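Subject: The structure I promised you

Hi,

Here is the structure I said I would send over.

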Amino acid sequence: MNQSHYNKNLFTFISSSPTPYHAVTGIEDFLHLNGFIQLRENEQWQLKKGFSYFVSREKSATVAFSLGSNEEPEHGFRMLAAHTDSPCLQIKPQPDIKTLSYQQLGVEVYGGGLLGTWFDRDLSLAGRVVCEMADGNLIALPVDFNRPLLIIPSIAIHFNREANTNNNIDRQKHLPPIIAQSIDKQLPDFKSILFDQLKLEHPKNAIEEILAFDLFCYDFQKPGYMGINNEFIVSARLDNLLSCHAGMTALAHADRTMNCLLLCANHEENGSTSATGADGSFIDSVLERIIPALETRRIALSNSFLISMDNAHATHPNYLDKMDPAHQIHLNKGPAIKLNANQRYATNSLSAAVYKHICKEANVTPQEFVMRSDLPCGSTIGPITAARLGVRTIDVGSPSLAMHSIRELTGSCDPFLLYRTIVHFLNSDTHKRLSK
Ligand SMILES: [Zn+2]
C-alpha cells in the first residue's frame with residue numbers, strides 16, 4: 001500500500017461516514033471484507049486462537065480484535081483507540097420553526113465545534129431514525145440525504161459592523177439552518193420530509209410511523225487535496241475519522257500472529273461518559289468476555305500497550321505565539337506525541353520511549369507537543385482508557401490545523417505516517433522491550 005492509495009481510501013471512508021453510525025457501518029463492512037467475524041453482545045461467544053472478531057454497540061462504537069495464532073491471551077494486546085464522533089449540529093426532536101416564509105430546523109450544538117465555520121456552507125443531514133413498521137416491529141434505519149439541503153446564512157456585515165472583531169453567535173437564535181422557503185405554499189413539516197427520504201432510501205421497508213431520531217447536520221463538501229503540490233488534505237471530520245481509518249486498516253493488515261485490539265468509541269467530543277463512550281462499560285465488557293478469568297485478564301492488561309490516536313495541533317503560521325516555541329509541530333513531518341503534566345494526555349516517559357522506538361523501527365520521525373504553560377490543555381480518550389484499564393498508554397495524533405472547524409486540514413503525508421507506526425506496532429514486540 002502506498003500513500004496515495006491510502007489517502008484515496010481515507011477520503012472514501014470519510015465521505016461515507018457523515019455520522020458515527022455510518023462510520024461504524026463502514027468499519028464493520030471493511031472488517032467483514034478482511035475476514036473478521038461479527039460477534040453480538042446478546043449472544044454466546046466461542047472465540048478461537050488465530051481468528052479475528054469485532055463487536056459493535058448501538059452502531060456507534062466498535063471493538064475489533066485478533067487473537068494471535070502465536071500468542072496466549074495473557075501475553076497481552078497491542079491496543080489502538082480512536083473516536084467516531086465529531087463536533088456538529090444535532091436536530092432537536094421537535095425541530096420545525098416557521099419564520100416569515102422560511103422553514104428552519106432547531107439544532108443543538110454537539111461537542112465543541114468552531115461554530116463560525118458552519119455559516120454559509122452547503123449542509124446535508126444524516127443519522128438514524130427509529131420507525132414502527134407495519135408488522136409492529138421497531139427498526140433503526142440509517143438515513144443520509146446526501147445532497148446540499150440546509151444552510152445557515154450569515155447576517156450581512158451592514159447589519160453587524162463588528163462582525164470581524166466581535167462576532168457573538170447566539171446558539172438558540174443564530175444557528176437554526178434553513179431547509180425550505182415558499183411565498184404561497186404550505187411547507188411540509190420535518191417529519192414528512194424525513195418520511196419521504198426514508199421511503200426513498202428503504203423502499204422495501206413498510207414504515208408505519210417515525211418514533212424518534214438522532215440526526216446531524218454535516219458539511220456536504222468532499223475531502224480533497226490542497227496546495228500547489230497537493231501538500232495538504234482538507235476535509236470534515238478528520239478529527240477523528242483519520243485515526244479510526246488508520247486503526248481499522250492497520251488491524252486488517254497486521255499479520256495476526258499476535259494479539260491486537262482496536263477500540264473506536266463514540267462521544268469523545270462531549271466527555272466519553274456513555275454506553276458507547278470510552279468512559280463507559282463497553283471496552284471492559286469486551287475484555288471480560290475475551291479473557292473471563294480475572295487473574296489472567298489482569299496479567300494480560302499488564303502486558304498490553306495502548307496507542308490512543310486523536311489529531312494533534314500543528315503550529316499555525318499566523319498564530320505562532322499560541323504554541324510553545326520549543327515544541328513547534330509541523331505538518332508532513334510525523335505523528336505528534338502529546339504530553340501534559342496534568343494528565344490531560346496519558347503519555348509518560350515510559351510510553352513515550354516505547355512509541356519513539358516503534359517510530360525508529362518504522363523509519364518515521366515523531367514530534368512532541370505540549371501546550372503553552374499559560375493556556376489550558378485539551379484532552380482525549382487516552383487518560384480515560386488508561387485509568388479504566390490500567391494499561392500503559394500513549395496519546396499521539398496526526399498534526400492538523402483548524403481542529404473542530406467544519407473543514408479541517410492536515411498534511412498529505414500525515415495519515416500514512418501515523419498508519420506506518422501503528423501497523424509496525426501491531427506486527428512487533430517493541431512495547432515488550434521495556435521492563436516492567
Ligand atoms: Zn478528537
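You'll find Gly 106 in strand S6, which covers residues 102-110. Leaving aside residues up to four places away in sequence, Gly 106 touches Gln 90, Ile 91, Lys 92, Pro 95 and Ile 97. Pro 93 sits 13 residues from Gly 106 in sequence, with 8.5 Å between their C-alpha atoms.

Before you go further, keep in mind that this is a predicted model.

**The whole chain**

The chain has nine helices and 20 strands. Its radius of gyration is 22 Å, close to the 22 Å that the globule rule gives for 436 residues, so the chain is as compact as a globular protein of that length. Along the principal axes, the C-alpha atoms fill a box of roughly 75 × 60 × 35 Å. Of the 436 residues, 53% are buried. If you take the contacts with a separation of 6 or more, 77% of them are between residues 24 or more positions apart.

A quick bit of background: two packed helices are described by the angle between their axes and the distance between the axes.

Helix H4 is made of residues 238-253, and its axis comes within 9 Å of the axis of helix H9 (residues 414-426), crossing at roughly 40 degrees. H4 and H9 are therefore oblique to each other, and the crossing is right-handed. On the H4 side, the residues that meet H9 include Leu 242, Ala 246 and Leu 251. On the H9 side, Leu 418, Tyr 419 and Ile 422 are among those that meet H4. The residues of this contact divide into 10 nonpolar, four polar and no charged.

H4 also packs with helix H2 (residues 20-33), at an angle of about 15 degrees and with the axes 10 Å apart. That makes H2 roughly parallel to H4. This crossing is right-handed too. Ala 23, Ile 27 and Phe 30 in H2 meet Leu 241, Cys 244, Met 248, Thr 249 and Ala 252 in H4.

**An enclosed helix**

Now find helix H8, residues 381-389: seven of its nine residues are buried, so H8 is largely enclosed by the rest of the structure. Among the buried ones are Ile 381, Pro 383 and Leu 389. What covers them includes strand S4, strand S13, helix H5, helix H6, strand S14 and strand S18.

Most residues other than glycine have a negative phi, and most peptide bonds are trans. Which spots are worth a look with that in mind?

- Lys 59 has a positive phi near 55 degrees. Lys 59 lies in the loop between strands S2 and S3 and counts as partly exposed, at 38% relative accessibility.
- His 404 has a positive phi of about 70 degrees. His 404 lies in the loop between strands S19 and S20 and is buried, with a relative accessible area of 17%.
- The peptide bond from Asp 239 to Asn 240 is cis, with omega near 15 degrees. Asn 240 is found in helix H4.

Cheers

Notes
Residues numbered from 1 in each chain as written. Predicted model: local features only at pLDDT ≥ 70, side-chain atom pairs only at ≥ 80, totals over all residues. Heavy atoms only, no water. Axes fitted to C-alpha atoms, helices over the stretch in contact; angles between N-to-C directions. Helix = DSSP H or I, 4+ residues; strand = E, 2+ residues; numbered from the N terminus. Parallel < 35°, antiparallel > 145°, perpendicular 65-115°, else oblique. Left-handed = near helix turned anticlockwise from the far one by under 90°. Contact = heavy atoms within 4.5 Å. Nonpolar A, V, L, I, M, F, W, Y, C, P; charged D, E, K, R; others polar. Rg over C-alpha atoms; globule rule 2.2 N^0.38 Å. Buried < 20%, exposed > 50% of the residue type's maximum accessible area, 1.4 Å probe, protein only.
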